[in-house]
Amino acid sequence: MMAVAAVFLPLAAAVLAALTARRAPPVFAGIAATTMTALALAASLVVLAGLGDEPTRVTLATWIAVDGLHLDWSLRLDPLSALMLVVVNAISALVHLYAIGYMAEDPHRPRFFAFLSLFTFSMLLLVSADNFLQLFCGWEGVGLSSYLLIGFWYERATANAAAIKAFLMNRIGDVGLVLALAAIALTFDSLTFDAVFDAAGSTSATLLGLPALEVIGVLLLVGAMGKSAQIGLHTWLADAMEGPTPVSALLHAATMVTAGVFLVARCAPLYAGAPVALDLVAAVGAATALFAATIALAQTDIKRVVAWSTCSQLGYMFLAAGVAVPAAALFHLFTHAFFKALLFLGAGAVIHALAHEQDLRRMGGLARRMPLTCAAMVIGSLALSGLPPFAGFWSKDVILESAYAAHGPVAMTGFWMGLAAAFLTGLYSWRLVFLVFAGEARAPAGVVAAAHEPGWSMRFPVLVLAVAACVAGWWAHDLAAADAPFWRGLFAVTHHADVPAWVPVAPAVAGAAGLLAAWLLYLARPDLRARFAARTSAARAFLASGWRFDALYDSAAVRPIRRLGAFLGVSVDRGLIDRHGPEGIGRAALAGAVRVQFLQTGQLHHYALVVVIGAVLFAAWNLLIGGLW
Amino acid sequence: MSTWPILSLLVFLPVGGIAFLALTGRADAQNDRNARDVTLWTSLANLALAIVLAMRFDPGQEGFQFVEHAVWLPELGVAYHLGVDGISVLFILLTALLVPICIVASWTTVVERVRSWMVAFLAMEALMIGVFVARDALLFYVFFEAILIPMFLIIGIWGGERRVHAAFKFVLYTLAGSVLFLIAILTLASMAGSTDMDRLAATSIPLEAQRWIWIAMFASFAVKVPMWPLHTWLPDAHVQAPTAGSVILAGVLLKLGGYGFLRFSLPMLPAASAEFVPLVYVLSAIAILYTSLVALMQRDMKRLIAYSSVAHMGVVTLGLFTASARAISGAIMQMLSHGLVSAALFLVVGVVYDRRHSREIADYGGLVHSMPRYAALFMLFALAAVGLPATSGFVGEFLVIVGVFPVSAVFAACAALGMVLSAAYMLWLYRRVVFGGVPGGAPLPDLSLRETGMFLPLAILVLWLGVQPAFVFRLVEGPAAELAARLLAAQTGGGA
């Protein structure tokens, strides 16, 4: 019952907000949706507290039952889903509350809250699924809601383009996921988690001449890459900033990009038999962690810096899953949810205070005007750059330590790339803090004078998240170990070799070095930075453009596809097939047929009569000859 | 078994409506109003009858039910033989649902020759249901071909600027295939000594003959589906057809080709079907990818949706010719879903066409401002066309992919790629029409009560079938499994 409440209350909130949009006062939707999400959070905490040793499920209804394939709508309750329920509902409730203040002037608030709650529900459906198809349903629901929210300001052409881009990029990943589902159905003749995972250990099936588990693992990875914005399918994430800031916070912290990590962690029993696919997961993760960190360095939009940092942190999670420690990946997901939501909500407060200014170059000196927000962003950045004792330190440390301990060539490369990314993380996150809050104000004087701390509905969530970003890592550090009592034996325990004493310290040192470098470049020695900047402008332009992925995709895929579509439509379809097919036959027939002229006299309506007569005669024929009655 | 001839009643109730319309006097406002009322109530009564049929139908029972049999032309072995299985029941329901919706859709927009219009629609309904209940090949053929006449009139009289051209193109092209279908039926009949479809399915036919008959039938059905490259009549027909005509064309007429495959090619010619699977697969894959790309670049809304129909029907043919009960059930589900969704999308276009008299995408924009209810419904149907889970569009597509994958991962991947492309053209269409800036002109009013009423049943069904499709699968699972078994036996054992 509690589980049903935890999952379906946000759906009820979405429906309520949509239905009352025109009648109720505009504040109603926000308050109702926030309350209901908070209740869902309470329910999910009850679920978490009451979790038994074995997974349980609540079956709601049968969905598809055909030819031996039986799929239910049901909720699965195990440590993984219960943890995700809590994280998603917690972040969502705070973001809902924040949005009451942030969106206070928007005339379309009810629609906004309806979409926001729908977004939450989709993710809840995804994480509580007991079979792959329901997971896919939530998966697509997340894609849809993000499409609606990114394009929320639909008058803006850029918002529309970003929304479609996000949906299509995700759909490309979904092709992988759908084929993975088909492959799973073929290999295991089931799509239910228990049936599949129980059989995964003993299967030696092959697909296309390859081990089936490897094929499935790679296909699942493609799906996860789309949703979690891993390198190659990542270009939508930065553009998704077109949505209102609360959407970014929710999308980055809890309800969307974490879905890919969740999928890989959920399918750990499949990946256990797919070492090559697992290495690929680690490689993709490590590459994304470093790649996205370099891009974050060169961004000038405050939200884009944070967005690229998400991309990079997701890379860490994939790296962890790829070196067979999904518990560590989920632990980082957990801590990241808090400090990333904190950073976005803090950034939102800054944007809000500066009359929707998002350019770092026009900020600065805000520490005195917004001390609370400044403190929050500092805490968030401390956590993000992995400094002890803040949340990110605990989880990032475990990931890199595990990568080192795993000892494979991929894992070792991943360790060094992750370490480099940790340095860059320190650099770009402190660059942001210094540019926004330190130095002199670069915004117009009037705007700066008007800058102020936000109201309570925006302040409270930031405070809660700031506390969480301080303590969540230390408090929940048990999560990192697969043999922790919390996981109740959900994940296989991997015993890695011991690591040298410097390894656990290295990530924090790298992060601190990044902080120091940022301090040097942006506070202590601006002259150094100016000289550095002059020499690296080409490199910075390359990084700022996101390694030119957009331009590449545009010239290699988008435009050729459009040209192909136009060519096929005009030259092939009309010019070739139609001209010599139907039109050719039509011409031939029209040329010689006298009856055509008769039909073109405009007396066509007489034909209606012929139909009637024909039908009546037909009926009569049957009545008389057939002796039907 | 039933004691009253419910199937004949389903076919002849609309004919009764026609007879009634024929009795009314000259066309004036009063008579037009009466004609609308009579037609609507007749079609609603038929819908009620179809629902009774579905409720009394026993899915647990094998073979055809509610059978009616009367000798027609004994010397030729032709009989008036009706019967339904689960597949027929679903298509009868679809037809009986869409006709009243068409009547409502044309309530205020068709003002000329109202009576003829109504007669044409009732005639369509009778003939379409006739196709779905016929169990005699010749009877089937008569219904199958006679449908062309009212459709020809609907496009030719009430259509757009180039209606006569489009009407002729539609009829002549589909008729060309049909001649071959007739020859195929006669050949089959001469071998079996009867035109009874049960007898034909039970007769084993030498492989050589199967091949030729299969090709002749394929020519007819593939045009109707339509399969690539025989599809080019469809965009023209849709563009020129009035809204309700497009609804019936996309909703039911396009299903006749697939239904033909289900009733003739697959059960009667399993060996040839098995042989021609590669051909069907390739044409289906081309249809999915090629027409999706073509749809992407269309400037005319109706043309875009017409092309998307071809792509969706590609998924259907892919599933139908796969020896798996999952794929065949999925294909039938996809046919039903497409019947609902494409019908709804043509209504969606019709609503704004009635207001601004343009089908050009570029003439619209920012409709969400003045038409929020319309925007919400359009979104739902666009998403169903994209195949989002929890809509009817997903279930069929997914089962086809799952069913095809064991046969060929490549073709399953083609079907999956269609998901990306359909999202591209549908969302782009939606964005340009519903979002973005508003072009000049007065803001368009939102849906009227009548218009909301015609969308609502479709919206509910699209969602309901997405979440609870079990009802469909209970009806089609048996027949689908039998067809799959026949195809599989032909593939592995050879021969019929």
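**Stop 1: an exposed proline**

Select Pro409(A): at 68% relative accessibility, Pro409(A) counts as exposed. The cut-offs are over 50% relative accessible area for exposed, under 20% for buried and partly exposed in between, with a 1.4 Å probe and protein chains only. This is a predicted model, in which local features need pLDDT of at least 70, side-chain atom pairs count only at pLDDT 80 or more, and totals for chains, interfaces and linings use all residues. Residues are numbered from 1 along each chain as its sequence is written, chains are lettered from A and ligands numbered from 1 in the order in which they are written, and side-chain values use heavy atoms, with hydrogens and water left out.

Pro409(A) sits in helix H18 of chain A. Helices (H or I, at least four residues) and strands (E, at least two) are DSSP runs, numbered from the N terminus.

**Stop 2**

Most residues other than glycine have a negative phi, and most peptide bonds are trans.

- Select His407(A). Its phi is positive, about 70 degrees, although it is not a glycine. His407(A) lies in the loop between H17 and helix H18 (409-437) of chain A.
- Select Pro388(A) and Pro389(A). The peptide bond from Pro388(A) to Pro389(A) is cis, with omega near 0 degrees. Pro389(A) belongs to the loop between helix H16 (371-384) and helix H17 (391-406) of chain A.
- Select Val225(B) and Pro226(B). A cis peptide bond joins them, with omega about -15 degrees. Pro226(B) is in the loop between helix H9 (207-224) and helix H10 (233-240) of chain B.
- Select Phe66(B). Phi is near 55 degrees, a positive value in a residue other than glycine. Phe66(B) lies in strand S1 (residues 65-73) of chain B.

Is Phe66(B) buried or exposed? Phe66(B) is buried, because its relative accessible area is 5%.

**Stop 3**

Go to Ala517(A), in helix H21 (residues 502-524) of chain A. Leaving out residues up to four places away in sequence, Ala517(A) touches Phe423(A) and Leu427(A). Contact means heavy atoms within 4.5 Å. Then pick Trp475(A). From Ala517(A) it is 42 residues away in sequence and 30 Å away in space, C-alpha to C-alpha.

Switch to helix H6 (residues 148-158) of chain B. How many of its eleven residues are buried? Ten of them are, which leaves this helix mostly covered. Among the buried residues of H6(B) are Leu148(B), Met151(B), Phe152(B) and Trp158(B).

**Stop 4: the interface**

Colour by chain. 79 residues of chain A are in contact with 86 residues of chain B. The two chains bury about 7100 Å² between them, 76% of it on carbon and sulfur atoms. Buried area is the accessible area (1.4 Å probe) that two parts lose on being put together, summed over both.

The rule finds four salt bridges across this interface. A salt bridge is a side-chain nitrogen of Lys or Arg within 4 Å of a carboxyl oxygen of Asp or Glu. Show the side chains of Lys169(B) and Asp578(A). They meet in a salt bridge at 2.8 Å, N to O.

**Stop 5**

Of its 31 lining residues, select the closest to the centre: Ile164(A), Lys165(A), Leu168(A), Val558(A) and Ala424(B). On a 1 Å grid over the protein atoms alone, a pocket is an open set of points with protein on both sides within 12 Å along at least five of seven lines, a cavity is a set where a 1.4 Å probe fits but cannot get out, and lining residues have an atom within 4 Å of a point. Grid points are joined across faces, edges and corners, and a volume is the space filled by probe spheres set on the points.

H6(A) gives the most to this pocket's lining, with nine residues. By class, the lining of the second largest pocket has 20 nonpolar, three polar and eight charged residues. Ala, Val, Leu, Ile, Met, Phe, Trp, Tyr, Cys and Pro count as nonpolar, Asp, Glu, Lys and Arg as charged, and the others, Gly among them, as polar.

**Stop 6: the largest cavity**

The structure holds six cavities of 30 Å³ or more. Finish by selecting His312(B), His338(B), Val341(B), Ala384(B) and Ala385(B), the closest to its centre of the 14 residues that line it. H14(B) gives the most to this lining, with six residues. The lining of the largest cavity divides into four nonpolar, nine polar and one charged.
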